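Here are my notes for you to read with the structure open beside them. Take the points in order and find each piece on screen as you go.

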Amino acid sequence: MIPLLRSEWTKFRTVRGWVAGSIAAVLLTVGVGLLGAAGTVRSCDGPQGDVCPVTPIGPGGQAVNDRFSYYHQALPGDGSITVRVAGLSGVITYPPPDHDEIVAGVVPWAKVGLMVKRDLRQGSAYTAVMVTGEHGTRVQDDFVGDLAAGGDRWLRLTRTGGTLKGESSPDGRSWDVIVEKPFPGPALIGLFAASPCDVTLSQGTLGGTIGACRLTNVTGKFEDVAVEGASGTWAHDDVGGETGAPPLSVGSARQWGSTVQLTGSGDVGPAGMEGGAVLERTLTGASIGLIAVIVVGVLYVTAEYRRGLIGATLAASPGRSGVLLAKAAVVGTVTFAGGLVAAAVAVPVGIRLMRDRNNDIAPVTALTEVRVIVGTAALLAVTAVLALALGAIFRRSAAAVITAIVLVLLPQILATASVIPSSAAEWLLRVTPAAGFAIQQSIPAYPQVEDYYIPALGYYPLPPLGGFAVMCAYAAVALAAAIVLLRRRDA
Amino acid sequence: MGWADIPRTSYPKTAPPRDAGAEGATLGFRSMDVTVTGLRKRFGPTQALDDMTFTVRPGVVTGFVGPNGAGKSTTMRIVVGLDRPDEGSALVGGVAYTSMKRPLTHVGALLDASALQPSRTARNHLLWLAQSQGLGARRVDEVLGQVGLATAARRRAGGYSLGMRQRLGLAAALLGDPPVLLFDEPFNGLDPEGIAWIRGLLRSLAAGGRAVLVSSHLMSELQDVAGHLIVAGRGRVVADRAVDDLIAAASDGRVTLRTTAREEAMEALARAGATVTVTGGDAVTVAGLSGAETVAALTAAAVPFAEVSAHRATLEEAYMELTRESVEFR
């Protein structure tokens, strides 16, 4: 195998067109990506001029939504709060199908319950136990944590010696611990209510998807409210509340005896892609670079057929399969290296360009950033191998290039350009090699947040590695088929 | 480039490394036969090979002749594993080519000299071939010198003339210094000097104990080179004989006569019962009379003549004689 690898590498590097094509793939990926980044301008003209609101950042470093109605006391040390959630009611403005009236109703992810939060700043740490509109009783913390916890309506949060314990009970007598975690230091303790907007997606008559997010609120009725160890002084705040907000979104609290009625709007959770421009926006050039990669991958094998050189190649390696494997290794490695350089340049430079244009960049962990960059290189490399295999199957450049583009690029463009229904787009991104583009998605879709999780907005139906695996499977099957055909056919 | 500065064929003192089990201290390699047995191959409606059977022996240049479409190229492609026969087998030294680990060190083949990536230099073309066999760049430079392409080695092969491509193809065949060489139409596109050079190369390869199979559709190209001839037609062997035998048979009993009085000579000889054919301005070939009888008949009729000699057929004549009966050669 080593002699074959050396041989195929010599073949590759000694044809100027292929080397130029590989360099072109890098330049296109960087150039088009940076053009896109430079064209991403954010403008927030308001009463205070062009000042954009700052997206809150959670304890985990990600952009978050943190807007809710909070009825709270100070909690300097140990203490507890116990309630029974007696009921949820609310208002949904202009819901489907006709979107023509304001109705009573509770959205699935409306949340009312108990929360211990560091302070009133958006993005500060919290732990909450809650009853939701349709998703039962849950534990959520620090914006991304989410756990189903049955359906009990009695809730309790207790802090003892810096450890916070959440419990639920069907009757207020026997309690199950549903969360236990350290939460030391001064904090607030109390009741909260939040109701995210009502997300609807509809198909535009001229193609495209129309998303709408209509204001809702929720009112939680809490009975048997019992607080111990806290300051004893109640206060109500709309965390993240804005001046001039519509009345329905403004929270309020009423208390009589041990009963509290708390109304609120908004959401407490990860921000998704409205949390800023996404990292992968700097890598849109990869789709264009991909064309050069496909052409090089195809020509690397079809040129031998066109020139009759395949005879010399196969006479030198009558085992045949090794030739294609060596070719795949060479074109895959070259493309991966080029893709890595391209992505490693495009991402930081592109982010810089976007920041200069007033954009917040949705923060991601270093690991995610590395995954997106290395994943883009891998995406290009696997596409090169797929193109090579198609070239060996068809033995004709044009047919192989067209097939590769139809398999990889066309579904990606159709699905993300919002020209077909989202369901069809999602289907395409599950079953075609374009599923591999999922590896570029930096912000995941969170099940606990209702959002526009559609390909047109950058959400892929498969997880990053899952989508990439689909693409790899295509490349592997194509390469296996190419090897079988190469061995079976006369050269 | 001129042909005059072509170096004489020479082989490196040290043969490149070979697979274990090679023997033959005198030649530096083990001589090998090529044995083709009962090959059949059909391409769609065309029966390209129909029981092709022959053996190529070491130490002699074997000419492989026949009209276009006789199956010469297909046979060679099957020997090096490019095409798969429907039936039959082709073995090199008793082994199937496709089972060889470094096949180019056993069999060198020039099948299609135009098979080149035009933008790649000649040296790089040979380099990837060499590397695929575990050979190094030094061997590449050796064969480039051997075929007279050393000075043009770093030029793009796309700019090569047909003759230079043939030389590059020969270099590729010689790369592994193999004991078996197959050349398909190596004379194509060569000028007379190039043809003479290849003849010398073929002779020296055979003299070194190699089995050399050279296909051609023009018999004259093989004149004075081939020691053995395999004549193919319609996918099978029509004749498989030593060239000396063939020429002797074709020359059998004929006399060449040179005379300025051709008409009178032909009349006199016809009267004596000979069959006379004009072969040149003052030359005729006489069949049916011995040399002495020819001289007697001409003297009796007082016809002057310059020369009477036993006829030695050319390879082409021998070939024509051999294939006269076969429709496929018309």
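1. Two packed helices are described by the angle between their axes and the distance between the axes. Also keep in mind that what you are looking at is a predicted model.

2. Now try that on a pair that brings the chains together. Helix 4 of chain A (residues 309–316) packs against helix 2 of chain B (residues 122–132), with the axes 9 Å apart and an angle of about 25° between them. Angles under 35 degrees count as roughly parallel, so helix 4 of chain A and helix 2 of chain B are roughly parallel to each other. Their crossing is right-handed. On the chain A side, look for A:L309, A:A312, A:T313 and A:A316; on the chain B side, B:H125, B:W128, B:L129 and B:S132 make the contact. Sorted by class, this contact between helix 4 of chain A and helix 2 of chain B has 5 nonpolar residues, 3 polar ones and no charged ones.

3. Stay with helix 4 of chain A and look at its packing with helix 3 of chain A (residues 286–307). The axes of helix 3 and helix 4 of chain A are 5 Å apart, and the angle is about 105°. That makes helix 3 of chain A roughly perpendicular to helix 4 of chain A. Here A:E304, A:Y305 and A:R307 of helix 3 of chain A meet A:L309, A:I310 and A:T313 of helix 4 of chain A. The class count for this contact of helix 3 with helix 4 of chain A is 3 nonpolar, 1 polar and 2 charged residues. Notice that A:L309 and A:T313 belong to this contact, and that A:L309 and A:T313 also take part in the contact with helix 2 of chain B.

4. A further helix pair sits in chain A. How do helix 7 and helix 8 of chain A run, roughly parallel or roughly antiparallel? The axes of helix 7 (residues 397–416) and helix 8 (residues 422–431) of chain A come within 9 Å and cross at roughly 155°. Angles over 145 count as roughly antiparallel, and helix 7 and helix 8 of chain A are therefore roughly antiparallel to each other. The crossing of these two chain A helices is left-handed. Helix 7 of chain A contributes A:P411, A:Q412, A:L414 and A:A415, while helix 8 of chain A contributes A:A425, A:L428 and A:L429. By class, the residues in this contact of helix 7 with helix 8 of chain A are 6 nonpolar, 1 polar and no charged.

5. Next, a sheet in chain B. Which order do its strands take? The 4 strands form an open sheet in the order 12-13-11-14, with antiparallel pairing. Strand 12 (275–278) and strand 14 (307–310) of chain B are at the edges with a single partner strand each, so one side of each has no neighbour in the sheet. From one strand to the next, the twist averages 25°.

6. Zoom in on strand 11 of chain B (residues 255–258). There are 4 bridges between strand 11 and strand 14 of chain B. Across that pairing, B:T256 is opposite B:S309, and B:R258 is opposite B:E307. Strand 11 of chain B is also joined to strand 13 of chain B by 4 bridges, again antiparallel. In that pairing, B:L257 has B:V284 as its bridge partner.

7. Helix 8 of chain B (residues 262–271) lies across strand 11, strand 12 and strand 13 of chain B, at about 160° to strand 12 of chain B. Helix 9 of chain B (residues 291–300) lies across strand 11, strand 13 and strand 14 of chain B, at about 160° to strand 14 of chain B.

8. Strand 9 (residues 137–141) and strand 10 (residues 145–148) of chain A run antiparallel, joined by 4 bridges. A:V139 stands opposite A:L147. The hairpin has 3 residues between the strands, and A:D142 takes a positive phi near 45°.

9. Last, zoom out to the domains. Chain A is divided into domain 1 (2–40 + 276–488) and domain 2 (64–270), with C-alpha centres 44 Å apart. In chain A, 13 residues of domain 1 are in contact with 18 residues of domain 2. Chain B is assigned domain 1 (34–241) and domain 2 (254–310), and the C-alpha centres of those chain B domains are separated by 44 Å.

Note on methods. Residues are numbered from 1 along each chain as its sequence is written. Chains are lettered from A and ligands numbered from 1 in the order in which they are written. This is a predicted model: local features need pLDDT of at least 70, side-chain atom pairs count only at pLDDT 80 or more; totals for chains, interfaces and linings use all residues. Side-chain values use heavy atoms; hydrogens and water are left out. Two strands pair if DSSP finds at least two bridges between them. Axes are lines fitted to C-alpha atoms, for helices over the stretch in contact, and angles run from 0 to 180 degrees between N-to-C directions. Contact means heavy atoms within 4.5 Å. Angles under 35 degrees count as roughly parallel, over 145 as roughly antiparallel, 65 to 115 as roughly perpendicular and the rest as oblique. A crossing is left-handed if the near helix is turned anticlockwise from the far one by less than a right angle, and right-handed if clockwise. Ala, Val, Leu, Ile, Met, Phe, Trp, Tyr, Cys and Pro count as nonpolar, Asp, Glu, Lys and Arg as charged, and the others, Gly among them, as polar. Domain bounds come from an automatic or database domain assignment.
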